[in-house]
Amino acid sequence: ERPEPGRAAPLWDVPRAKRRFPWFEVVLSVIGILCIVASIIGYLSLADAYTVAHVAVLAALPLVVVIAVLLYIDRWEPEPWWTRGVAFAWGAGVAIIVASIVNSAVLLNASLVLGDETEAMRFTAVVVAPLAEETMKAAGVLLIVLARRNTIHSLLDGVVYAGFSGAGFAFIENMQYFLQASAQGQAALTVTLILRGVLSPFVHPMATSFTGMALAWAVVRSRTSIGRVVTVILGCCLTVATHSMWNFFGSGDVSSWLSNYVLVEVPFFALWMTALLVLSNREARSIRE
């Protein structure tokens, strides 16, 4: 039966997409890349180009694993690649430069106050470094949430951005540790590579992910301003506590570190990964429905 005249469904022209220049991504990427170049130049002042390239390749090995995991959990509703790139550049550039300056300044002051360099290093590693590093890594995620609110649809989105920021930070930091170890010989480099590249490649992404998840929760699920503030504060506290726990265990002797690693850190990582997989499966189910 043909529809009566005047009762046919109305037709509209499809509106054209508004294309705007991505100033946010370009500006933050340029700043991050300049900071990364500054770090590389600093490394070149400590070793020759071949050694720096060598440690860069070694640092890229755990980075590939971390990025692959982040892409896997983000496969159902992937975030824009340019925004993920901003998070990575921020972590590898701005975050590590600022955090390194803060850590060095506090370490120097703590050494003068305490009169014991070992205790000053432990205080900096357990208290100062987690605060400085996680604050700077999370600052990039916060900027993304504020500037690209429409890209945040689930808790996983916050985890992914935080994970990329943490992955970038860990990549440049690993280069620094591998460079220092290579100056001590092949054995020291091998041990450092195993400790940081094999046993703990997810420390920085995992720690920062709790802040990213809290920021996403505040955007997607919180209904009140107080709820948003409390959620973000709790996420930041969990982030700093996770990072501090790792550094605290690492500041002890080898036997205590190994027992804590097996009994505490490995189960903690397993719970974290399980939670991400559950969230990813829920996201897939929601998209399917």
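Hi everyone. Let me start with a definition: a helix axis here is a line fitted to C-alpha atoms over the stretch in contact, and the angle between two axes runs from 0 to 180 degrees between N-to-C directions. Keep that in mind, and remember that what you see above is a predicted model.

First, the whole chain. How many helices and strands does the chain have? There are 9 helices and 0 strands. The C-alpha atoms fill a box of roughly 90 × 40 × 35 Å along the principal axes. Of the 289 residues, 43% are buried. And among contacts between residues at least 6 apart in sequence, 80% link residues at least 24 apart.

Now let's look at one pair of helices. Helix α8 covers residues 225-250 and helix α9 covers residues 254-288. They pack at an angle of about 160°, and their axes are 10 Å apart. Angles over 145 degrees count as roughly antiparallel, so α8 and α9 are roughly antiparallel to each other. The crossing of α8 past α9 is left-handed.

Who makes the contact? On the α8 side we find Thr242, Met245, Trp246, Phe249 and Gly250. On the α9 side are Trp257, Asn260, Tyr261, Val264, Glu265 and Phe268. Sorted by type, that contact has 7 nonpolar, 3 polar and 1 charged residue.

Last stop: serine 39, in helix α1, residues 23-44. Is serine 39 buried or exposed? Buried means under 20% relative accessible area, so serine 39, at 9%, counts as buried. Beyond its neighbours within four places in sequence, serine 39 touches Ile96, Ile97 and Ile172.

Notes
Residues are numbered from 1 along each chain as its sequence is written. This is a predicted model: local features need pLDDT of at least 70, side-chain atom pairs count only at pLDDT 80 or more; totals for chains, interfaces and linings use all residues. Side-chain values use heavy atoms; hydrogens and water are left out. Helices (H or I, at least four residues) and strands (E, at least two) are DSSP runs, numbered from the N terminus. Angles under 35 degrees count as roughly parallel, over 145 as roughly antiparallel, 65 to 115 as roughly perpendicular and the rest as oblique. A crossing is left-handed if the near helix is turned anticlockwise from the far one by less than a right angle, and right-handed if clockwise. Contact means heavy atoms within 4.5 Å. Ala, Val, Leu, Ile, Met, Phe, Trp, Tyr, Cys and Pro count as nonpolar, Asp, Glu, Lys and Arg as charged, and the others, Gly among them, as polar. Buried means under 20% relative accessible area, exposed over 50%, partly exposed in between (1.4 Å probe, protein chains only).
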